[in-house]
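Subject: Structure handover

Hello,

Here is the structure you asked to look through. Please open it alongside this email.

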Amino acid sequence: MSPSEVGLIGIALLLLLLLLRMHVALAMALVGFLGLAYLTSFEVAASLLAKEFFAQFSAYSLSAIPMFVLMGSFAQAAGLGEQLYRAARALVGAVPGGLSVATVLACGGFAAISGSSAATAATMGRMALPEMRRYGYNLALAGGSVAAAGTLGILIPPSTVLLVYAFLAQQPVGPLFMAGLLPGILLTLLFALTAYLICRARPDLGPTLPPVPWGQRLRASLAAWPVLLLFLLVVGGLFFGWYGPTQAGAVGAAGALVLGLLNRRISLWGLLEATQDALRTSTVILALIAGAMVFGRFMAVTRIPFDIGQWIGGLELPPYLVFAIIVLIFFVGGFFMDSMALVVLLMPVVYPVVLQLGFDPIWFGVIIVLVSELGVITPPVGINVYVIKGIAPEIPLAALFRGIMPYILPILLMIGLLTRWPQIALWLPGLAR
């Protein structure tokens, strides 16, 4: 068999293993190893597997991932999300759908110190859902707004998905984080506008709260200043070149821990629990990356990505039509796979094509994260929806997915805006150069 035929069989085997519920990292590593062993030799494949795993787990550039994950765990344990929610509720609670709007804004703020979609949805869901239930909000709207706004955790920096993309695409982390900032802010506002318009059209879905005195609004806003300070310390330091990604993550983790100790929200047991959670999450991410690298080596030997690129070039299709096909592949893949796993699985195949078409890799990273956000909330996987279901089991799953539907439009609109005006993502990275 030719290398390309072996590659196609390998892809089919990988899909079969995924359907059998094997972990994505193990499936990619196994298929990559078997494919390399067939095309070269068992000794070469075994040596490459050992070197690849050692290289990935000992790479200094990857140390940024556990640091930022630890920052998010400490921020969650420190109760910083609660401070954000109180501030947002005091500021916008009196507008139509005020609690939904406040939840979206608080999710955007917490995403800036979390980096995780599920963590953002879980943190805000525990606070926002009881409040919205108490004020008679429609359960589908309540759950949908939290699940949708939680997706901001993988777009607004520091984003673990952007970190993984940076490593796989060999792109600098700082410019990628800068590229996600403006689209993240715009998407937050679009989500908030969606919640506002829904409740403006149907006041029975989200009652308006009594206005809060300005003094109370000011006190609630001042209580949330540590979150803004922590974000500026981390992302601002990257923007001005004060330190690299790993140091930025370490500064953020230390800052979140100090804030938790100062407000007495982190106990010794809480510290151990948050550290254990960060360790578990980091291990999963690193295993995914290592498996993807082995599978990527196998794909490179088969030359399938390059053959695809040449084939597409021979078709003489417009570059943006090919780009639309790639986005569609990610969109459909998100129905069945977690966003992180989807990125590491498809990157070895589509990234060479993207470079051949001349698209900016920084811009493409933001687009892929936006498309991955759709996978986080669409059935049947929709991990954020299941997170909310775990927090509020009384809300039917069908109602949660129904509540998500209005929030798909803002994500699609944001993808369209970035496609039409790439400078929305590239302006800030351009200033940092």
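Below is what turned up, topic by topic.

This is a predicted model. Please read every value with that in mind.

**Cysteines**

How many disulfides does a search of the whole structure find? The search finds 0. Cys-107 is in no disulfide, and the nearest cysteine sulfur, that of Cys-199, is 15 Å away. Cys-107 counts as buried, at 0% relative accessibility. Cys-199 also counts as buried, at 2%.

**Aromatic rings**

A whole-structure search gives 12 aromatic pairs. One of them joins Phe-33 and Phe-42. Their rings sit edge-to-face, 5.6 Å centre to centre, with 80° between the planes. Are these two residues buried or exposed? Phe-33 counts as buried, because its relative accessibility of 15% is under the 20% limit. Phe-42 is exposed, because its 52% is over the 50% limit.

There is also an aromatic cluster. It is formed by Tyr-320, Phe-323, Phe-359 and Trp-363.

**Helix packing: α4 and α14**

Helix α4 covers residues 64–77, and helix α14 covers residues 268–302. The two pack at an angle of about 145°. Their axes are 8 Å apart. The crossing of α4 past α14 is right-handed.

Which residues make the contact? From α4 come Ile-65, Pro-66, Val-69, Leu-70, Ser-73, Phe-74 and Ala-77. From α14 come Leu-271, Ala-274, Thr-275, Asp-277, Ala-278, Thr-281, Ser-282, Ile-285 and Ile-289. By type, the contact residues divide into 11 nonpolar, 4 polar and 1 charged.

Thr-194 is in helix α10, residues 173–201. Thr-194 is buried, with a relative accessible area of 14%. Leaving aside residues up to four places away in sequence, Thr-194 touches Pro-406, Tyr-407 and Pro-410.

Phe-239 is in helix α12, residues 225–239. Is Phe-239 buried, exposed or partly exposed? At 23% relative accessibility, Phe-239 counts as partly exposed. That class applies because 23% falls between the 20% and 50% limits. Phe-239 and Phe-177 are 62 residues apart along the chain. Their C-alpha atoms are separated by 8.9 Å.

**Backbone points**

Most residues other than glycine have a negative phi, and most peptide bonds are trans.

- The peptide bond from Pro-157 to Pro-158 is cis, with omega near 0°. Pro-158 lies in the loop between α8 (139–150) and α9 (160–169).
- Gln-170 has a positive phi, near 55°, and is not a glycine. Gln-170 lies in the loop between α9 and α10. With a relative accessible area of 62%, Gln-170 is exposed.
- Arg-264 has a positive phi too, near 60°. Arg-264 lies in the loop between α13 (245–262) and α14. With a relative accessible area of 77%, Arg-264 is exposed.

Best wishes

Terms used:
Residues are numbered from 1 along each chain as its sequence is written. This is a predicted model: local features need pLDDT of at least 70, side-chain atom pairs count only at pLDDT 80 or more; totals for chains, interfaces and linings use all residues. Side-chain values use heavy atoms; hydrogens and water are left out. A disulfide is a pair of cysteine sulfur atoms within 2.5 Å. Buried means under 20% relative accessible area, exposed over 50%, partly exposed in between (1.4 Å probe, protein chains only). Rings of Phe, Tyr and Trp (its six-membered ring) pair if their centres lie within 6.5 Å; planes under 30 degrees apart count as stacked, over 60 as edge-to-face and the rest as tilted. Axes are lines fitted to C-alpha atoms, for helices over the stretch in contact, and angles run from 0 to 180 degrees between N-to-C directions. Helices (H or I, at least four residues) and strands (E, at least two) are DSSP runs, numbered from the N terminus. A crossing is left-handed if the near helix is turned anticlockwise from the far one by less than a right angle, and right-handed if clockwise. Contact means heavy atoms within 4.5 Å. Ala, Val, Leu, Ile, Met, Phe, Trp, Tyr, Cys and Pro count as nonpolar, Asp, Glu, Lys and Arg as charged, and the others, Gly among them, as polar.
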